[in-house]
Amino acid sequence: MAGLTLSDELTREHREIDGAIETFIEKLDCGSVQHELLTETLEALRRHIYLEEVFLFPPLRDAGIVMPIFVMMREHGQLWRTMDALTDLLAGGNDSSPLRDTCIQLLDQLFQHNSKEEPVIYPNADSELPPQTSAELNRFIETGRAPEGWVCQQAVG
């Protein structure tokens, strides 16, 4: 992570997750359901949401960035429900059409979400976080895992 800002690292995670979903769709279009790829990607997205909601958003909210955080949290809930639908589809068999449609839905949601989060929230990660919080977030990006069973705040409803 040397030389990269928190916003760079968080944006990199967005790109990796988006790319993995795109790869899953490409494989699906070729007749192959890559269960492990999608499962690992959904786990990475859940972890990313966890690090934002636990480490990033609270101090930014305290710094006065309230409405943008509210919007991000609501969208996290929508993303979470789509991920749950994908998990159910994977468990239900290999019918590629609903899997593909739901992956496209997730990519569309991520595009809308990331296009707001990256220019509005992430620059504040570089400028508004206390040094201790930045250090914690950097450590988590490198090695952290979301607790087993953790669910984002807006996931229900």
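The model is predicted.

**Stop 1: the largest pocket**

Begin by selecting Glu 43, Arg 46, Arg 47, Arg 145 and Ala 146. Of the 13 residues lining the largest pocket, these are the closest to its centre. The pocket has a volume of about 340 Å³. Rolling a probe the size of a water molecule over the atoms shows where empty space is left.

Next, colour helix α2, residues 35-62. This helix supplies five residues, the largest share of the pocket lining. What classes of residue make up the lining of the largest pocket? Six are charged, five are nonpolar and two are polar.

**Stop 2: Ser 7 in helix α1**

Select Ser 7, which is found in helix α1, residues 6-29. Is Ser 7 buried or exposed? Its relative accessibility is 13%, so Ser 7 counts as buried, because the limit for a buried residue is under 20%.

Now display the residues around Ser 7. Leaving aside residues up to four places away in sequence, Ser 7 touches Tyr 122, Pro 123 and Asp 126. With Asp 126 there is also a polar contact: the two side chains are joined at 2.4 Å. Show the side chains of Ser 7 and Asp 126 together to see this contact.

**Stop 3: the cysteines**

A disulfide is a covalent bond between the sulfur atoms of two cysteines. How many disulfides does the structure hold? The number is zero.

Select Cys 30 and Cys 103 to see one reason. The closest cysteine sulfur to that of Cys 30 belongs to Cys 103, and it is 14 Å away, so the two are too far apart for a bond; a disulfide requires sulfur atoms within 2.5 Å.

With a surface displayed, look at Cys 30 and Cys 152 in turn. Cys 30 has a relative accessible area of 70% and is exposed, whereas Cys 152, at 3%, is buried.

**Stop 4: Gln 105 in helix α4**

Finally, select Gln 105, which has its place in helix α4, residues 96-120. Gln 105 counts as partly exposed, with a relative accessibility of 39%. Gln 105 and Leu 79 are 26 residues apart along the chain, and their C-alpha atoms are separated by 9.3 Å.

Methods
Residues are numbered from 1 along each chain as its sequence is written. This is a predicted model: local features need pLDDT of at least 70, side-chain atom pairs count only at pLDDT 80 or more; totals for chains, interfaces and linings use all residues. Side-chain values use heavy atoms; hydrogens and water are left out. On a 1 Å grid over the protein atoms alone, a cavity is a set of points where a 1.4 Å probe fits but cannot get out, and a pocket is an open set with protein on both sides within 12 Å along at least five of seven lines; lining residues have an atom within 4 Å of a point. Grid points are joined across faces, edges and corners, and a volume is the space filled by probe spheres set on the points. Helices (H or I, at least four residues) and strands (E, at least two) are DSSP runs, numbered from the N terminus. Ala, Val, Leu, Ile, Met, Phe, Trp, Tyr, Cys and Pro count as nonpolar, Asp, Glu, Lys and Arg as charged, and the others, Gly among them, as polar. Buried means under 20% relative accessible area, exposed over 50%, partly exposed in between (1.4 Å probe, protein chains only). A polar contact is a pair of N or O atoms within 3.5 Å; within protein, one must be able to donate a hydrogen and the other to accept it, and residues adjacent in sequence count only if both atoms are side-chain atoms. Contact means heavy atoms within 4.5 Å.
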